[in-house]
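Colleague: I would like to learn how to read this model. Can we go feature by feature?

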Amino acid sequence: MTHLTGQCLCGEISFEADGDVPVMANCHCTACRHSTGSAYATLMFMKQDDIKISGTPKTFSHGSDAGTTMTKHFCGTCGTPLFTQNSAREGMLGIRAGNIKEHEEFAPKVNVYVSSKLDATVLEDGIPAFEKMPG
């Protein structure tokens, strides 16, 4: 069982999570790059019921290339990206790993959408990489 805590930049929204983290991934898709302003998104997915959120994030939903709906959760005051949801994975919530205090808990297990990665992004050897989202 993993214990995670974190907050947005201004502290208006915080979270505490206790549970299993079945997926830790770096996503290089264009939408993740745009929504984070970074070369890729670092995500830790947990059951939504295992995450307690204090404060009310704003949300923005958009379609994905796989035909699912993606919902981004962010602080309406400071703009910090906090969480993401995929309609194909009901009950799961992705925590943006850059916001967690227990940073040693994040160890990516996979890189997805490397077909969209920035040329300058170096992928770590030993971590599987997929052109799109696997299976």
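Modeller: Start with Gly55. Gly55 counts as partly exposed because its relative accessibility is 43%. Buried means under 20% relative accessible area, exposed over 50%, and partly exposed in between, with a 1.4 Å probe and protein chains only. The model is predicted: local features need pLDDT of at least 70, side-chain atom pairs count only at pLDDT 80 or more, and totals for chains, interfaces and linings use all residues. Residues are numbered from 1 along each chain as its sequence is written, and side-chain values use heavy atoms, without hydrogens and water.

Colleague: Where is Gly55 placed, and which residues does Gly55 touch?

Modeller: Contact means heavy atoms within 4.5 Å. Leaving out residues up to four places away in sequence, Gly55 touches Glu12 and Ile13. Gly55 sits in the loop between strand 5 (51-54) and strand 6. Strands are DSSP runs (E, at least two residues), numbered from the N terminus. Met44 is eleven residues from Gly55 in sequence, and 20 Å away C-alpha to C-alpha.

Colleague: In what order do the strands of the open sheet come?

Modeller: Strands of a sheet pair through backbone hydrogen bonds, either parallel or antiparallel. Here, two strands pair if DSSP finds at least two bridges between them. Seven strands form the open sheet, ordered 6-7-8-9-4-3-10, with mixed pairing. Strand 6 and strand 10 are the edges, each pairing on one side only.

Colleague: How many bridges join strand 8 to strand 9, and which residue stands opposite Phe83?

Modeller: Two bridges join them, and the two strands run antiparallel. Ile95 in strand 9 stands opposite Phe83.

Technical notes: Helices (H or I, at least four residues) and strands (E, at least two) are DSSP runs, numbered from the N terminus.
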